[in-house]
Structures are given as C-alpha cells and as structure tokens.
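Here is a short briefing on one protein chain.

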Amino acid sequence: MAAPLTRRDFVRGSGALAGAVLLGGGAAELLAACGNGSTSSSGGGNLTGSLEIFSWWTGPGEKDGLAALFQLYNQQHSQVKIVNAAVAGGAGSQAKAVLTTRMQANQPPDSFQVHAGQELTATWVKANKMEAITSTWKDMGLDSAIPKDLKDIVSYNGDVWSIPANVHRGNALWFNLHTLGNASPPTTFDELMTSLNTFKSKGVQHPLALGSQGNWQIAMWLENGILANGGPDYYNKLFQGKGSFTDAKVKDTLTQMAQLFDFVNPDHTTLDWDAASGLVAKGQALYTIMGDWAKGYFTSLTPAMAPNQDFGTVVHPGTKGSYVTVVDTFGLPKGAPHRDNAVAWLKVVGSEQGQEQFNPKKGSIPARTDVPTSAFDPIAQQFMQEFKTDKLVPSSAHGSATPPNFSSAVNDILGQFAQNKDVNAAAQALQSKAQQFLAS
Ligand code: GAL
C-alpha cells in the first residue's frame, strides 16, 4: 500500500511549491484578520469602460456560473461593460490556443480563466506574462478564507498569481437514477463492467456516454484509472516524472480503458462532454465519467434534474478517499487594457458572495471555506466534506499536475489509442513524452 499523500505532496504535485516563499507572516495575518473578503474596496461603483473576460465556459451550467459572476460584478460596478470572450470547447481545447496567440501578440484580455498549478506557473508566470496579485490577495484577507494548499498552487517565487474561483472534482462517475433503478452504482472496475454488461443486455445499447472531442475526456479516464490502480502516492510520482508509464499499473489501466470503449456511443469523437452528459440526461446512456461540471449541466437543464433524485454520482470506481482537483482561477495578465476593472473582477471572483453565487451553478465547491453550505445541493455538500479529509491529487488532464505540453501530448496519444487500442504503443508513447516534459 502506498504511503498516504499529504497535503504538501498535493502542492508539490502541482509544481507550484518549488521556489515559493510562503506568505502569511505577522503582517499578512493581521491584514487577513481585518479583511472581510468583500469586493467593496476596489473603486466602489466608480469604474467605467469595459472588462474583457476570457474563458471556455460556454456549456450549460458553466456559462450560467459565469453569468452569475458577471451579474454580481455589474451590481457593484454598473458602469462597466463586460465583454464575454469565451471560446467554446470543453477544457479549453480551443480557447487555450486562442489565448496563446493573443498573449504572444501582447493583446491580453483583462483577465482569463487558468487552472491552478502548472498551467498557470509553467505557461504564463515563468514567461513573465502575469502581474503578481499578492497585494489584492492580502487586501481581501484571503489567507483566512482559502486553504493554504490552494494558495500554494497559485503561488510562485513568493508571490500569488491568480485567485481560485472553485474546486472541481475530476474523479466522478455520473448516472441517470431512473435508468439505474434499484441497482447499486459500481465501486470497482469489475462492478462497472458487470453493470455495463447488464444494462447493455437490457437494451441500453451504449451505456457509457463519452464525448471525446479534444481527447481530454479520455485523459480523465486515464488519470482516474491510474489513481484507482496505483493509489494517490503512485499517481503523484508518475505525473511528477518519477515513475514509468510502461509500468504494469498503467498498462492495466489502458487495458481496462480499451474494454470500456466497447460500451461507448460510436459517435464519441464528434461530441464534447456536455453532449455526452446529455445522453445520460435523456436516458440514452446510463453513465458518464466526468468532472462535477457535469452536475452543473444536469441541474441547469429545463426541467432541471435533481441531484440524488434524477441523477447521482459515485467517485470513479476504485478511487474512494482521493479527490482529483481541478481548480479554476483568474489572473491578471501584464498589460491588461482595463487593469482597475480587472482587479475589481478578481475581487468579485474571490469574494464570499461571488463564490456562493458561482459555484452552485458551476457544479464545483467553493475555494473559500467560509461560504455557507446551505446554498449547495447534497452532492456538493458531500464533496465539501470529502475535500476536507480525502487525499488531494491535482489533475493532469486539466493542467494542474503537469505542464500543458505534456497534457496535450497525452490527449493526442489517447486519441490514437481510442482508435487502435494498442496498449503497449500507448504506454511507450506516454513514457517518451513523460521523459521529454516531466522533470524528475
Ligand atoms: C475544465 C474546467 C471546468 C470546466 C471543464 C469543461 O478544464 O476546469 O471548469 O469548464 O473544463 O469545460
């Protein structure tokens, strides 16, 4: 049995601790104690002009969460015109390329969505494209509201570089409760296979919904499977470049994934995660493996699906006790055209009110620990509890554990694997990219 992963290991896995001088000395704590985390200190209602916010939140649920933040911003800064520059494509499959082009041309938006960890630090901070937001963090008293583990993965070289809006869970299996009926949801891979076979023979032709456009969804299968087969310590070492993707546990995972493909909708390469969630909602499929933004999808439908009544969830089979974290944050690019408006945006994103209005729609739990739980559905409340005690492991598919060049190489390899199911070729290709991109 692998040694338990400590919170410190989680931070290390996200690559942010190296070089980070931890803040929170006497002065910072004093400020934190005085701060109330509200958004009132930035310019009040005097701001004017526009605010361009870049994200990839265009799907049901996620776009509603974004709209809630915009609404709150405009309640506080009614003279600012918000420009929603979202680019469609789950996990930023299209948006990240657009953002890169703009950043390279020194045409940044005022603020943009970026995952905590490597995606933030390895891509933008090290390239000197971001402004540190340490003083905003202190002004807002976030040291007393956001767990240090989360602060650490948005910190680098002693400064803070973005504000976490939420924590998503990546290791979840979602199901249509009406289709599942009295059956129990699976807790192991074998139980999942049995259930898939059972429901297929009952006439649910493709019981496992997949939308693999961009292939990052298959990367979630991989990381969840590796976590199930190896445990959190193994997972962390592997994604830190200290293991080998040609190891038996990775190959076992790929072998299991090949079996899962027998149960997925044949048009999966043309669908994204939301369309796959739609197959579950309509009862055309029973399960989908997805982050809890799928919950945001289900609850945003008309009529809305009710958590634990119309749809349910279990942790990805075999990963109980671990929490794959996907942390969406917003930062301040150097040269933001409307810098004051952008700072005010960060204050809305990090505020108690902002997190209370955003997260129930988005499907995530707040990054702040002081948000009243009453605004949240029972699944979110359960996840909030588990987040406190589970082993936290950063997602590679969503840019926290590994740098973007590795994550996108994994997506390409898994896109090919979905076609040829060649376990050895995929394992070797993954290992060669790990050697190239993951520092050991
Ligand atoms: C993730 C992101 C989530 C959600 C998802 C699907 O990368 O962290 O907030 O938007 O993609 O688009």
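In this predicted model, five strands make up an open sheet with mixed pairing. Their order is E2-E1-E3-E13-E6. Strand E2 (80–84) and strand E6 (162–164) are the edges, each pairing on one side only. From one strand to the next, the twist averages 30°.

**Sheet and covering helices**

- E6 pairs with strand E13 (residues 328–331) in the antiparallel sense, over three bridges.
- In that region, Ile-163 stands opposite Phe-330 of E13.
- Helix H4 (residues 95–104) lies across strand E1 (49–54) and strand E3 (111–115). H4 runs at about 130° to E1.
- Helix H14 (residues 339–350) lies across E1, E2, E3, E6 and E13. Its angle to E1 is about 55°.

**Whole chain**

- The chain holds 18 helices and 14 strands.
- It has 440 residues, and 58% of them count as buried.
- Among contacts with a separation of 6 or more, 80% come from residues 24 or more positions apart.
- The accessible surface is about 16200 Å², and carbon and sulfur atoms hold 49% of that.

- Asn-411 is part of helix H17 (residues 404–420).
- Is Asn-411 buried or exposed? Its relative accessibility is 14%, so Asn-411 counts as buried.
- Setting aside neighbours within four places in sequence, Asn-411 contacts Gly-214, Asn-215, Trp-216 and Ala-219.

**Aromatic pairs**

- The count of aromatic pairs is 19.
- Trp-216 and Trp-293 form a tilted pair, 6.5 Å centre to centre with 45° between the planes. This pair links distant parts of the chain, 77 residues apart: Trp-216 sits in helix H10 (residues 216–239) and Trp-293 in helix H13 (residues 293–300). Both Trp-216 and Trp-293 are buried.
- Tyr-323 and Phe-383 pair edge-to-face, because their planes stand at 80° with the ring centres 6.1 Å apart. Tyr-323 belongs to strand E12 (residues 322–326) and Phe-383 to helix H16 (residues 378–389), 60 residues apart. Tyr-323 and Phe-383 are both buried.
- Ring pairs also join Trp-57, Phe-70, Tyr-73, Phe-330, Trp-345 and Phe-358 into a cluster. Phe-330 is the E13 residue opposite Ile-163.

**Charges over rings**

- Arg-169 lies over the face of Tyr-323, 4.1 Å from the ring centre.
- Lys-249 has its charged end over the ring of Tyr-234, 5.6 Å from the centre.

How values were computed: Residues numbered from 1 in each chain as written. Predicted model: local features only at pLDDT ≥ 70, side-chain atom pairs only at ≥ 80, totals over all residues. Heavy atoms only, no water. Pairing = 2+ DSSP bridges. Helix = DSSP H or I, 4+ residues; strand = E, 2+ residues; numbered from the N terminus. Axes fitted to C-alpha atoms, helices over the stretch in contact; angles between N-to-C directions. Contact = heavy atoms within 4.5 Å. Buried < 20%, exposed > 50% of the residue type's maximum accessible area, 1.4 Å probe, protein only. Areas by Shrake-Rupley, 256 points an atom, 1.4 Å probe, with all protein chains shown as cover. Phe/Tyr/Trp six-rings, centres within 6.5 Å; stacked < 30°, edge-to-face > 60°. Lys NZ or Arg CZ within 6 Å of the ring centre and 35° of its normal.
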